Amino acid sequence: MFYRLLSVVQRQRTSRGWQNWSSARGGASAAEAHSVALPAQAQVVICGGGIMGTSVAYHLSKMGWKDIVLLEQGRLAAGSTRFCAGIISTARHLSIEQKMADYSNKLYQKLEQETGIQTGVQIYDRTSVVHVMTKKGEVTGVETDKGQIECQYFVNCAGQWAYELGLSNEEPISIPLHACEHFYLLTRPLETPLQSNTPNIVDADGRIYIRNWQGGILSGGFEKTPKPIFTEGKNQLEIHNLQEDWDHFEPLLSSLLRRMPDLETLEIVKLVNCPETFTPDMRCIMGESPLVKGYYVLAGMNSAGLSFGGGAGRYLAEWMVHGYPSENVWELDLKRFGALQSSRTFLRHRVMEVMPLLYDLKVPRWDFQTGRQLRTSPLYDRLDAQGARWMEKHGFERPKYFVPPDKDLLALEQSKTFYKPDWFDIVESEVKCCKEAVCVIDMSSFTKFEITSTGDQALEILQYLFSNDLDVPVGHIVHTGMLNEGGGYENDCSIARLNKRSFFMISPTDQQVHCWAWLKKHMPLDSDLLLEDVTWKYTALNLIGPRAVDVLSELSYAPITPDHFPSLFCKEMSVGYANGIRVMSMTHTGEPGFMLYIPIEYALHVYNEVMSVGQKYGIRNAGYYALRSLRIEKFFAFWGQDLNTLTTPLECGRESRVKLEKGVDFIGRDALLQQKQNGVYKRLAMFVLDDHDTDLDLWPWWGEPIYRNGLYAGKTTSSAYSYTLERHVCLGFVHNFSEDTGEEQVVTADFVNRGEYEIDIAGQRFQAKARLYPVASLYTHKRRKEDVELSDLHGK
């Protein structure tokens, strides 16, 4: 079934015409689809007979699942697949997208050769899903316009209707995507017809793509002013060619004629107008719902459905069969979103920004401009008035840095570069203040949970879910990881024991949905455990610097010395007039200071008091760019950037956060024991660039190739300029690839230390020194390059 559909798509890409493709697609549907009564039950029901739905069905069948039903409300491939432009591109921004596209391309070529595949998949067209039935948070069946089917798994591959279908469930599921009109034209053959091997052309400046179509031209693009559609949730059995709009297409047509002026006299067959779905962050959506077990989603391809179809279907099928995919797909996981990103207005405005970005130059650390100020700290207006410049994470506004009154605001707002940015000096002054005086950073966006019980169940479940030992005295804070069966990080967090039966958990901002789902998945249903998301209850202020203790002492009238308030300790205290402030002696940066978790009604008062008392100690506001520089130079890895579901604590130097002998079993323990015995196949290292000119050379941002002794050995995961070392610092994993076979081999500390390293930045390699331990911690204050030879620190 998947073979026949894709072979039709493949033929369309090369030689067949539009009319022939449509009739062939109709014939395939008629040959494959059932017109008999639906089965009473199945293991899996897939909604959507386009390339995504059929890909999932194909791969599930290939992996051994047989009881699969695919439902299509119209005819097979009657949706976006029918109108796709037929371009497969493996050049992708994200590594996981590149892997999906590469797999798809190879699969399509393979399927071209295959014949006689028996899938055990049942296809029913002209069958609409009304809603998915659930019980106690699990899929139990599907109600259609032709009856009900009991099932364990449901897969939403409904394309632009995935949003509506998700909301129609008994327990609504948010799937944030929105459709826009997409245009391309078809012409008659050229006087000298184009050949089937004519390369595709992408003119990013003109915002168009061009490819051969039956000897003529197929050309479309992504205009600056897209037209959202289906905003009222209208439904259609099939997608037909929408109304032509030559006025809207005119800028793209002009670009085409500028690029290929001889086409002006060419006869146009038709202007195709079809819907394409886009997501809020330009990445597709896949994975299991955080609310309903057994409910999976694969949709929102951002006009790359043909490129991703094979790979995306494979990863989702692996997810269903094995419980996890073979690659890290967090950047595509449905759980990166929350219900807050599913507002119709938000989606309509955001996709109008997303679609043009497909052909725009995306500079490092660019931010979306639409859908902003959705989630804000109570201090937002106050910080904004003091020059805060904002970034967005999981819908939450966070300060990047603070512009002094004497700076050119317009220049900073328009700064777009891969080189040294205009905010360099500003962040330097914030970092300096963190090291020499005291800064305050609003970190309210971090995810915060409280886990409590009437008995010992809170401790018992956390001991099972986390790698470190949480049976610590009340008031102590534990850095730990929430691991999966393979030993990889599902979450990296800090947990404070508030009392014998209550714990306070702090996680990265974008972990709010994912972490909640993981905890709920593993908590007993019949227990007295209470899991509460308290992110919105607390404003978090990070007080960083050597004078932080002076500010807090003066505000609390309590002893804050190390003897009374040791590192990694938590207690409630008064700050100013406000009582019940949860104060923790940590900063997430390695610098001295405190985290203050403040009930939101006290937030403005505490902030005002901190800033007032702090004046005598040189206090100032700081942002996340300063935080990033501080944490990277201290070799603090961050989940979602340096750590992911395929990274274990033993691979990133966090053995101290794992207690294999804590007396109770925990998820991932067996995998870590085996890895400890067999060795690791990658190691996180810190790279200090030696011959890089910060003022003149392109900066490293992330994803740069790492070379060891001239051979590729991995890539960077994050980077920042260290104002302490006065050099760039990158974090990244070192692999040991066999020169003969390319297979990965064990990576030891000695292997890392003995290598000579280079970081490739846009084709230019720079020498770098690799470290398995932080370098910046050896410095007590900022020193000039000529005063210290980093080579002298090797092995210390």
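A salt bridge is a side-chain nitrogen of Lys or Arg within 4 Å of a carboxyl oxygen of Asp or Glu. By that rule the structure holds 33 salt bridges. Side chains of opposite charge can pair when their charged atoms come close.

Before selecting anything, please note that this is a predicted model, in which local features need pLDDT of at least 70 and side-chain atom pairs count only at pLDDT 80 or more, while totals for chains, interfaces and linings use all residues. Residues are numbered from 1 along each chain as its sequence is written, and side-chain values use heavy atoms, with hydrogens and water left out.

**Stop 1: salt bridges**

Select Lys400 and Asp367, whose side chains meet in a salt bridge at 3.0 Å, N to O. Lys400 lies in strand β17 (residues 396-402) and Asp367 in the loop between α9 and α10 (380-385), so the pair ties together parts that are 33 residues apart in sequence. The names of these elements follow DSSP runs numbered from the N terminus, where helices (H or I) have at least four residues and strands (E) at least two. Are Lys400 and Asp367 buried or exposed? Both Lys400 and Asp367 are buried, where buried means under 20% relative accessible area, exposed means over 50%, and partly exposed is in between, with a 1.4 Å probe and protein chains only.

Next, select Lys420 and Asp695, which form a salt bridge at 2.7 Å, N to O. This pair links distant parts of the chain, 275 residues apart, with Lys420 in the loop between α11 and α12 and Asp695 in the loop between β29 (682-689) and β30 (705-708). Lys420 is partly exposed, with a relative accessible area of 29%.

Now move to Asp690 and Lys769, where the salt bridge spans 2.4 Å, N to O. Asp690 lies in the loop between β29 and β30, and Lys769 lies in strand β35 (residues 764-771), so this pair ties together parts that are 79 residues apart in sequence. Asp690 is partly exposed at 25% relative accessible area, and Lys769 is partly exposed at 24%.

To end this stop, select Lys435, Glu591, Glu633 and Lys634 together, because these residues are linked in a network of salt bridges.

**Stop 2: aromatic rings**

Rings of Phe, Tyr and Trp (its six-membered ring) pair if their centres lie within 6.5 Å; planes under 30 degrees apart count as stacked, over 60 as edge-to-face, and the rest as tilted. How many aromatic pairs does this rule give? The count comes to 28 aromatic pairs. Select Tyr401, Trp423, Phe424, Tyr625, Trp699, Trp701, Tyr721 and Tyr723, which form one aromatic cluster.

A ring can also have a charge over it, which is counted if NZ of Lys or CZ of Arg is within 6 Å of the ring centre and within 35 degrees of the ring normal. Select Arg582 with Phe504, and you will find the charged end of Arg582 over the ring of Phe504, 4.6 Å from its centre. In the same way, the charged end of Lys682 sits over the ring of Phe733, 5.0 Å from its centre.

**Stop 3: a surface patch**

Select Leu361, Phe418 and Tyr419, which form a nonpolar patch on the surface with about 310 Å² of accessible area together. Patches are made of residues with over 30% relative accessible area and no salt bridge, with like charges joined within 9 Å and nonpolar side chains (Val, Leu, Ile, Met, Phe, Trp, Tyr) within 5 Å. Accessible areas come from the Shrake-Rupley method with a 1.4 Å probe, and for residues only the protein chains shown count as cover. Phe418 is in the loop between α11 (409-413) and α12 (424-436), and at 32% relative accessibility Phe418 counts as partly exposed.

**Stop 4: loops**

Select Arg365, which has a positive phi of about 60° although it is not a glycine, and which lies in the loop between α9 and α10. Phe635 has a positive phi of about 65°, and it is not a glycine either; Phe635 lies in the loop between α17 (624-633) and α18 (669-678). Arg365 counts as partly exposed at 26% relative accessibility, whereas Phe635, at 13%, counts as buried.
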